[in-house]
Amino acid sequence: MNNALVLIHGTWTRSDPWHRPDSPLWQALVTHGYQPIEFLWSGYCGGVPSAVIVPDASDIKPTLDLWRSEGEKLALFCRAIGLDRPSALVHSHALSVLSFAAAGTTFVPFQRFDTVLSLAGPVREDMRMVREHARDHILRWIQVTDPDGDMRIREGQAFDGHLGWQYALPEADVNISAPGTGHSGLLDDLSKWDTLGLWAALDPLVVP
């Protein structure tokens with residue numbers, strides 16, 4: 001599918017309207033020539049102690065297994081509908097879901113991506129190795145964050161084994177600072193997409 005763009009929601013936002021066909025963002029993507037595709041996952045919170053039970057495969061931190069399971073589903077989803085190397089727009093903890101899909105696992109081979117636009121993705125230290133493996137299968141990786149007004153991105157880095165927090169994604173080709181957008185502002189208010197260069201950033205880079 002030419003210009004396919006997979007939309008992946010974050011934790012607890014499975015029912016949010018931004019990744020649905022009648023949302024302003026979806027319509028704007030269509031206007032700009034993209035073919036949005038919604039990927040729904042459980043939306044449960046990984047990375048922290050919780051009651052969600054995912055079989056422990058023992059080779060990674062057990063609390064990350066939920067995201068690994070969802071990443072495998074994302075990779076299989078792309079294969080099932082014939083997406084060889086789509087672009088993706090991920091919000092918040094969807095960054096971890098996509099990272100597992102692009103890194104691959106013992107059971108599911110990696111999925112290639114063209115451009116990945118990460119909005120407010122928590123930069124978890126315990127996901128570093130997964131992101132490093134994913135990096136080989138992503139042509140261009142862009143992280144956009146609000147370093148002043150986004151408190152939720154800090155919460156998203158809880159229990160990652162690292163004191164403090166960070167906003168810049170070490171594996172990204174470009175890190176964009178977007179003050180005033182908070183954690184989810186860019187999903188509903190599209191007025192800053194041009195000034196931040198996000199439409200240009202999404203231009204496909206697919207190569208043979």
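Predicted model: local features only at pLDDT ≥ 70, side-chain atom pairs only at ≥ 80, totals over all residues.

Me: Let's begin with the whole protein. What makes up its secondary structure, and in which order?

Reply: The protein has 7 helices and 6 strands. Along the sequence they follow the pattern β-α-β-α-β-α-β-α-β-α-β-α-α. Of its 208 residues, 51% count as buried. Among contacts between residues at least 6 apart in sequence, 76% join residues at least 24 apart.

Me: Why is S87 called buried?

Reply: The cut-off for buried is under 20% relative accessible area. S87 has a relative accessible area of 8%, so it is buried. This residue lies in strand β3, residues 87-91.

Me: What makes a residue a contact of S87, and which ones are they?

Reply: Contact means heavy atoms within 4.5 Å. Not counting residues up to four places away in sequence, S87 touches A4, L5, V6, D114 and T115.

Me: How do you know that the side chain of S87 has a polar atom within polar-contact distance of T115?

Reply: The limit for a polar contact is 3.5 Å between N or O atoms. The backbone nitrogen of T115 lies 3.3 Å from a polar atom of the side chain of S87, so that distance is within the limit of 3.5 Å.

Me: Why is β3 described as largely enclosed?

Reply: 5 of the 5 residues of β3 are buried, so the strand is largely enclosed by the rest of the structure. Both faces take part: S87, L89 and H91 point one way, A88 and V90 the other way, and all are buried.

Me: Moving to a helix, why is G71 called buried?

Reply: G71 has a relative accessible area of 0%, so it falls under the 20% cut-off and is buried. G71 is found in helix α2, residues 65-80. Leaving aside neighbours within four places in sequence, G71 is in contact with V97, F100 and A101. G71 and T105 are 34 residues apart in sequence and 8.9 Å apart in space, C-alpha to C-alpha.

Me: What makes a space a cavity, and how many of 30 Å³ or more are found?

Reply: The search finds 1 cavity of 30 Å³ or more. The largest cavity has a volume of about 60 Å³, and of the 13 residues that line it, L119, A120, G182, H183 and L186 are the closest to its centre. Both β5 (138-145) and α6 (185-188) supply at least two lining residues, while the largest share, 3 residues, comes from α6. By class, this lining has 5 nonpolar, 7 polar and 1 charged residues.

Me: And what lines the largest pocket?

Reply: A pocket, by contrast with a cavity, is an open set of points. The largest one holds about 260 Å³ of space. Its lining has 17 residues, with T11, W12, S92, H93 and R152 nearest its centre. They divide into 4 nonpolar, 10 polar and 3 charged.

Methods: Residues numbered from 1 in each chain as written. Heavy atoms only, no water. Helix = DSSP H or I, 4+ residues; strand = E, 2+ residues; numbered from the N terminus. Buried < 20%, exposed > 50% of the residue type's maximum accessible area, 1.4 Å probe, protein only. Polar contact = N/O pair within 3.5 Å; in protein donor to acceptor, adjacent residues only side chain to side chain. 1 Å grid on protein atoms, 1.4 Å probe; cavity = no way out; pocket = protein on both sides within 12 Å on 5 of 7 lines; lining within 4 Å. Points joined across faces, edges and corners; volume = space filled by probe spheres on them. Nonpolar A, V, L, I, M, F, W, Y, C, P; charged D, E, K, R; others polar.
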